[in-house]
Amino acid sequence: MTWNTETILIIFVAFTGVAVVLQACMLLAIYIALRKTAQSAKEASEDFKSTVLPLVHSTRALVERITPQIMTLSADLAELTASFKKETRGVSFSAAEIMQRVSRQSERLDVMLTNGLNAVDRAGVVVEAAVAAPVRQVNGVLAAIKAVIETYRSDVPRPKSNSSNGQDGAGI
């Protein structure tokens, strides 16, 4: 079998035709798949719109409705904060003044107590000096009298006698 150029050319044209038909089928399949995907995306988009858009609209209406109240509340909070700051300064000043007064009174009370205790201490020294010296003198006199009385009360020791039996003579 001899292959001439015409036969080879017909075979190549047939293969090319088959390849073009296959390519057209593939493009048709891709087109159909893309169309289904686009339709699905469109349905999802419509579903999203029907679900989310009412939510967005109600949120927008809510924000528009409460915005003035939020603005009023914000202004009131700023005013309240300023008032608190002013009152805090007043309380701080009053507390400092009270602490200063307490400190002065404490110092004054300390001086008074110190002077009083010093006076009591001096009075104790004076009383001790006034009472202790005579008491010591009286104690000395009483001790002397007691010593004298004790001396006279004690028995005078008897002289020992010398006996031949070694007894002191009391048994004879």
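The structure is a predicted model, in which local features require pLDDT of at least 70 and side-chain atom pairs pLDDT 80 or more, whereas totals for chains, interfaces and linings use all residues. Residues are numbered from 1 along each chain as its sequence is written, and side-chain values use heavy atoms, without hydrogens and water. Of the 172 residues, 1% are buried (under 20% relative accessible area; exposed is over 50% and partly exposed lies in between, with a 1.4 Å probe and protein chains only).

The protein contains one helix and zero strands, assigned as DSSP runs (helices H or I, at least four residues; strands E, at least two) and numbered from the N terminus. Helix 1 spans 179 Å between its end C-alpha atoms, whereas a straight helix of 149 residues would span 222 Å at 1.5 Å a residue; the expected span is 1.5 Å times one less than the number of residues. A kink of about 40° occurs at I66 in helix 1, shortly before the proline P68 (the angle between axes fitted to the seven residues ending there and the seven starting there).

One salt bridge is counted, defined as a side-chain nitrogen of Lys or Arg within 4 Å of a carboxyl oxygen of Asp or Glu. R101 pairs with E97 in a salt bridge, with the closest N and O atoms 2.7 Å apart. The two residues are four apart in helix 1, and therefore separated by about one helical turn. R101 is partly exposed at 48% relative accessibility, as is E97 at 29%.
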